[in-house]
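Colleague: I would like to learn how to read a structure like this one. Please take me through a few features in turn.

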Amino acid sequence: MARMGQSSEKRRLFSFFQISNIGANSLAFFAGRAGIPYGKRGKGSEVSHQLWLVSRFDPLRDECCDCPSAGHLLRLDPEVGDEQEQQLNEQTLSQRLERVAAHVPAGARLADIGSDHGYLPVALMRRGVIAAAVAGEVALTPFRSAERTVRENGFTQQVIVRLADGLAAIEPGDGITAVSLCGMGGETIRDILADGKARLSGQERLILQPNGGEQPLRQWLMENGYRICFEEVLRENRFYYEIIVAERAGPVTYTAQELYFGPLQMRVRSPAFLAKWQRMLRLKQRTLTHFTRARQAVPEDKVQEMARQTQWISELLA
Ligand SMILES: C[S@@+](CC[C@H](N)C(=O)[O-])C[C@H]1O[C@@H](n2cnc3c(N)ncnc32)[C@H](O)[C@@H]1O
């Protein structure tokens, strides 16, 4: 297995070695480096999504640039075997979006923010699960793609597609009862919720699927009176994904470790959860070793934080 070298040239080679192991998705890495906007990459939502993750891979930190937990980066690990990929659309959702869909209550009026192709709301309409939906998109290309999916499936009366930033897609008359925010960094999801809080009645169920940054997202939920009622880690196409379902329930307190690992997942300890954190432990230990070698260059508080997280993970797995 390739190891990270010291020089930037070696690091570049290492990065290339890893990326060349992921087949078609490597194209998006180069697209990302070439500055091609996200919405123009990839054919299907899931492919775009994975390419988006890859394009943000930072070989220096062994993690995504905006995903501190880096759990989903198992995609880049040559030690993990291939899984079958399939064509995904509004009929065949990815396993990740299927698990999200399972938490949308029957009869809901769903706001799917960052909807991309609009697969989630249209799939739920096709199955008769939801009564109506808003598909919100901030970028023009995915917005048009969502419009097309809705039109081609004959749901223009039931699914409104809005070009809007975050929760600005929700209007008071929509009567939204569930909000999904999936496939974005946890900090982005947190910021969208914080910026658009006035658009929420507090009665909506939040179904969140962050790509990393789960800790700050859980922190926001706690500080805003949302109780986490369901959590899950799943692995698909060699990435680890987290799903967090929350409902407003008044004051709630979580410990620092619960915010880091997830209060319910810590208790359930599913095989996917344990596998994710075993991998994370190896990544953190490796990063700590790099920190030790580059002591002068890394701020002490960053080293301490990494050491603390490594300790927590070791205790969790002990
Ligand atoms: C990786 S895709 C995920 C698509 C889909 N939700 C899924 O999980 O498969 C993220 C989408 O969120 C959109 N997005 C990012 N920030 C947004 C914002 N502030 N408001 C609305 N959409 C946003 C992007 O344009 C992109 O289409």
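Helices, sheet and ligand

Modeller: This is a predicted model. Start with a helix pair: the axes of helix H11 (residues 271-293) and helix H12 (residues 300-317) come within 9 Å and cross at roughly 145 degrees. The crossing of H11 and H12 is left-handed.

Colleague: Which residues of H11 and H12 make the contact?

Modeller: On H11 they include Leu274, Trp277, Leu281, Leu288 and Phe291, and on H12 they include Val303, Met306, Ile313 and Leu317. By class, the contact of H11 with H12 has twelve nonpolar, six polar and one charged residue.

Colleague: How do strands of a sheet pair?

Modeller: Strands pair through backbone hydrogen bonds, and they run either parallel or antiparallel. Here seven strands form an open sheet with mixed pairing, in the order E5-E4-E3-E6-E7-E9-E8. Strand E5 (159-163) and strand E8 (226-236) are the edge strands, each pairing on one side only.

Colleague: How many bridges join E8 to strand E9?

Modeller: Ten, and E8 and E9 run antiparallel.

Colleague: Which residues are closest to the ligand?

Modeller: Gly114, Asp116, Val138, Cys182 and Gly183 are the closest of the 21 residues that surround the ligand. Elements giving two or more residues to this shell include strand E6 (178-184) and helix H7 (186-195). The shell has nine nonpolar, nine polar and three charged residues.

Technical notes:
Residues are numbered from 1 along each chain as its sequence is written. This is a predicted model: local features need pLDDT of at least 70, side-chain atom pairs count only at pLDDT 80 or more; totals for chains, interfaces and linings use all residues. A residue is near a molecule or strand if its C-beta atom, placed from the backbone, lies within 6 Å of it. Helices (H or I, at least four residues) and strands (E, at least two) are DSSP runs, numbered from the N terminus. Ala, Val, Leu, Ile, Met, Phe, Trp, Tyr, Cys and Pro count as nonpolar, Asp, Glu, Lys and Arg as charged, and the others, Gly among them, as polar. Axes are lines fitted to C-alpha atoms, for helices over the stretch in contact, and angles run from 0 to 180 degrees between N-to-C directions. A crossing is left-handed if the near helix is turned anticlockwise from the far one by less than a right angle, and right-handed if clockwise. Two residues are in contact if their C-beta atoms, placed from the backbone, lie within 7 Å. Two strands pair if DSSP finds at least two bridges between them.
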